[in-house]
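Hi everyone, thanks for coming. Let me put the structure up, and then we can walk through it together.

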Amino acid sequence: MKRVLILLIFSLSLFAHDLHHKVLNQEAVVVAFSFGGEGDFSYQSYEVYAPKSDIPFAVGRSDKLSRVVFIPDRKGEWRVKVMSEDGHGAEIKVVIDKEFGVKEYSQSFFERFQKIFVGVALIFGIFGLLTIIKRRKN
(Lines give C-alpha, C1' and ligand atoms only; values in the text may rest on other atoms or scores of the structure.)
Protein backbone atom coordinates (compact mmCIF):
# COMPACT_ATOMS: atom_id res chain seq x y z
CA MET A 1 0.00 0.00 0.00
CA LYS A 2 2.86 2.33 0.78
CA ARG A 3 4.39 1.73 -2.67
CA VAL A 4 1.14 2.49 -4.39
CA LEU A 5 0.85 5.71 -2.46
CA ILE A 6 4.43 6.71 -3.39
CA LEU A 7 3.79 5.84 -7.05
CA LEU A 8 0.60 7.88 -7.01
CA ILE A 9 2.42 10.89 -5.55
CA PHE A 10 5.20 10.66 -8.16
CA SER A 11 2.75 10.18 -10.98
CA LEU A 12 0.94 13.39 -9.95
CA SER A 13 4.20 15.32 -10.17
CA LEU A 14 4.67 14.06 -13.77
CA PHE A 15 1.51 15.90 -14.83
CA ALA A 16 2.98 19.18 -13.55
CA HIS A 17 5.20 19.34 -16.66
CA ASP A 18 2.47 18.62 -19.17
CA LEU A 19 2.14 21.34 -21.77
CA HIS A 20 -1.50 22.21 -22.37
CA HIS A 21 -2.75 23.71 -25.60
CA LYS A 22 -5.91 25.02 -27.25
CA VAL A 23 -6.77 25.41 -30.89
CA LEU A 24 -8.53 28.73 -31.47
CA ASN A 25 -10.21 30.18 -34.50
CA GLN A 26 -9.43 33.90 -34.38
CA GLU A 27 -8.94 36.69 -36.86
CA ALA A 28 -5.33 37.55 -37.46
CA VAL A 29 -3.44 40.31 -39.22
CA VAL A 30 -1.54 38.99 -42.21
CA VAL A 31 1.21 41.08 -43.80
CA ALA A 32 2.47 39.60 -47.07
CA PHE A 33 5.83 40.60 -48.51
CA SER A 34 7.25 40.27 -52.02
CA PHE A 35 9.70 41.92 -54.38
CA GLY A 36 7.05 43.21 -56.78
CA GLY A 37 5.69 39.80 -57.61
CA GLU A 38 9.11 38.24 -58.17
CA GLY A 39 11.18 36.49 -55.55
CA ASP A 40 9.85 35.57 -52.24
CA PHE A 41 10.61 36.82 -48.76
CA SER A 42 10.08 33.49 -47.05
CA TYR A 43 11.81 32.43 -43.85
CA GLN A 44 13.11 35.94 -43.08
CA SER A 45 13.29 37.47 -39.60
CA TYR A 46 10.55 39.72 -38.28
CA GLU A 47 9.56 41.57 -35.10
CA VAL A 48 6.09 42.82 -34.22
CA TYR A 49 5.75 45.72 -31.77
CA ALA A 50 2.56 46.59 -29.91
CA PRO A 51 1.49 50.24 -29.69
CA LYS A 52 3.80 52.37 -27.55
CA SER A 53 6.13 49.48 -26.81
CA ASP A 54 9.81 48.96 -27.51
CA ILE A 55 9.73 45.30 -26.49
CA PRO A 56 8.72 42.96 -29.32
CA PHE A 57 5.25 41.44 -29.02
CA ALA A 58 6.30 38.65 -31.37
CA VAL A 59 9.48 37.59 -33.14
CA GLY A 60 10.05 34.90 -35.68
CA ARG A 61 10.45 34.18 -39.34
CA SER A 62 8.06 34.74 -42.21
CA ASP A 63 6.33 31.61 -43.42
CA LYS A 64 6.83 29.74 -46.70
CA LEU A 65 4.47 32.16 -48.47
CA SER A 66 6.40 35.27 -47.26
CA ARG A 67 3.76 36.22 -44.70
CA VAL A 68 3.96 37.56 -41.16
CA VAL A 69 0.90 36.69 -39.09
CA PHE A 70 0.01 38.06 -35.67
CA ILE A 71 -3.07 38.51 -33.52
CA PRO A 72 -3.19 41.93 -31.85
CA ASP A 73 -4.51 42.18 -28.31
CA ARG A 74 -5.21 45.94 -28.31
CA LYS A 75 -6.04 48.79 -30.63
CA GLY A 76 -3.47 51.27 -31.85
CA GLU A 77 -0.56 51.49 -34.23
CA TRP A 78 1.37 48.22 -34.49
CA ARG A 79 4.77 48.02 -36.18
CA VAL A 80 6.03 45.06 -38.19
CA LYS A 81 9.76 45.04 -38.94
CA VAL A 82 11.15 42.53 -41.39
CA MET A 83 14.76 42.06 -42.37
CA SER A 84 16.59 39.62 -44.56
CA GLU A 85 20.14 38.41 -44.28
CA ASP A 86 21.12 40.28 -47.46
CA GLY A 87 20.02 43.66 -46.09
CA HIS A 88 16.50 44.05 -47.47
CA GLY A 89 13.86 45.06 -45.00
CA ALA A 90 10.86 47.18 -44.24
CA GLU A 91 8.87 48.60 -41.37
CA ILE A 92 5.12 48.48 -41.82
CA LYS A 93 2.68 50.31 -39.56
CA VAL A 94 -0.73 48.72 -39.11
CA VAL A 95 -3.49 50.62 -37.30
CA ILE A 96 -5.87 48.31 -35.43
CA ASP A 97 -9.31 49.64 -34.47
CA LYS A 98 -11.27 48.86 -31.32
CA GLU A 99 -12.93 45.83 -32.97
CA PHE A 100 -9.45 44.41 -33.81
CA GLY A 101 -9.85 45.07 -37.51
CA VAL A 102 -7.24 46.69 -39.73
CA LYS A 103 -8.14 50.38 -40.02
CA GLU A 104 -5.20 51.41 -42.22
CA TYR A 105 -1.60 50.50 -42.96
CA SER A 106 1.47 52.20 -44.31
CA GLN A 107 2.25 51.75 -47.96
CA SER A 108 5.46 52.02 -49.92
CA PHE A 109 6.29 55.18 -51.89
CA PHE A 110 5.31 53.52 -55.19
CA GLU A 111 2.02 52.18 -53.80
CA ARG A 112 1.00 55.63 -52.53
CA PHE A 113 1.69 57.39 -55.82
CA GLN A 114 1.04 54.53 -58.25
CA LYS A 115 -2.02 56.18 -59.84
CA ILE A 116 -0.15 59.44 -60.37
CA PHE A 117 2.80 57.57 -61.97
CA VAL A 118 0.45 55.70 -64.29
CA GLY A 119 -1.43 58.92 -65.20
CA VAL A 120 1.78 60.81 -66.00
CA ALA A 121 3.08 57.85 -68.05
CA LEU A 122 -0.19 57.76 -70.04
CA ILE A 123 -0.02 61.49 -70.74
CA PHE A 124 3.60 61.23 -71.95
CA GLY A 125 2.71 58.19 -74.01
CA ILE A 126 -0.26 59.85 -75.72
CA PHE A 127 1.64 63.06 -76.47
CA GLY A 128 4.66 61.07 -77.68
CA LEU A 129 2.44 59.07 -80.02
CA LEU A 130 0.75 62.26 -81.31
CA THR A 131 4.16 63.86 -81.90
CA ILE A 132 5.34 60.85 -83.92
CA ILE A 133 2.15 60.88 -86.02
CA LYS A 134 2.43 64.65 -86.59
CA ARG A 135 6.08 64.37 -87.73
CA ARG A 136 5.24 61.61 -90.20
CA LYS A 137 2.56 63.78 -91.80
CA ASN A 138 5.03 66.65 -92.29
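Here is one to start with: is serine 66 buried or exposed? Serine 66 is buried, because its relative accessible area is 3%, and buried means under 20%, with exposed over 50% and partly exposed in between, using a 1.4 Å probe and protein chains only.

A quick word on the source. This is a predicted model, where local features need pLDDT of at least 70 and side-chain atom pairs count only at pLDDT 80 or more, while totals for chains, interfaces and linings use all residues. Residues are numbered from 1 along each chain as its sequence is written, and side-chain values use heavy atoms, with hydrogens and water left out.

Back to serine 66. It sits in the loop between β3 and β4; strands here are DSSP runs of E, at least two residues, numbered from the N terminus. Serine 66 also has a positive phi of about 65 degrees, although it is not a glycine.

Serine 62 belongs to that loop too, between β3 (56–61) and β4. Serine 62 counts as buried because its relative accessibility is 2%. A polar atom of its side chain lies 3.0 Å from the backbone nitrogen of tyrosine 43. Leaving aside residues up to four places away in sequence, the contacts of serine 62 (heavy atoms within 4.5 Å) include Phe41, Tyr46, Arg67 and Val68.

Val68 takes us to the core. The largest nonpolar core has 15 residues, and those touching the most other members are Val31, Phe33, Val48, Val68, Phe70, Val80 and Val82. By nonpolar core I mean buried Ala, Val, Leu, Ile, Met, Phe, Trp, Tyr and Cys residues joined through side-chain atoms within 4.5 Å. Phenylalanine 70 touches, among others beyond four places in sequence, Ala28, Val48 and Trp78.

Now for the hairpin. β6 and β7 (residues 102–105) pair in the antiparallel sense over three bridges; pairing needs at least two DSSP bridges. Valine 94 has tyrosine 105 in β7 as its bridge partner. Five residues lie between the strands, and phenylalanine 100 takes a positive phi near 65 degrees there. Phenylalanine 100 is partly exposed, with a relative accessible area of 41%.

Which strand gives the largest share of the lining of the largest pocket? That is β6, with five residues.

Thanks, and I'm happy to take questions.

Note on methods
Helices (H or I, at least four residues) and strands (E, at least two) are DSSP runs, numbered from the N terminus. A polar contact is a pair of N or O atoms within 3.5 Å; within protein, one must be able to donate a hydrogen and the other to accept it, and residues adjacent in sequence count only if both atoms are side-chain atoms.
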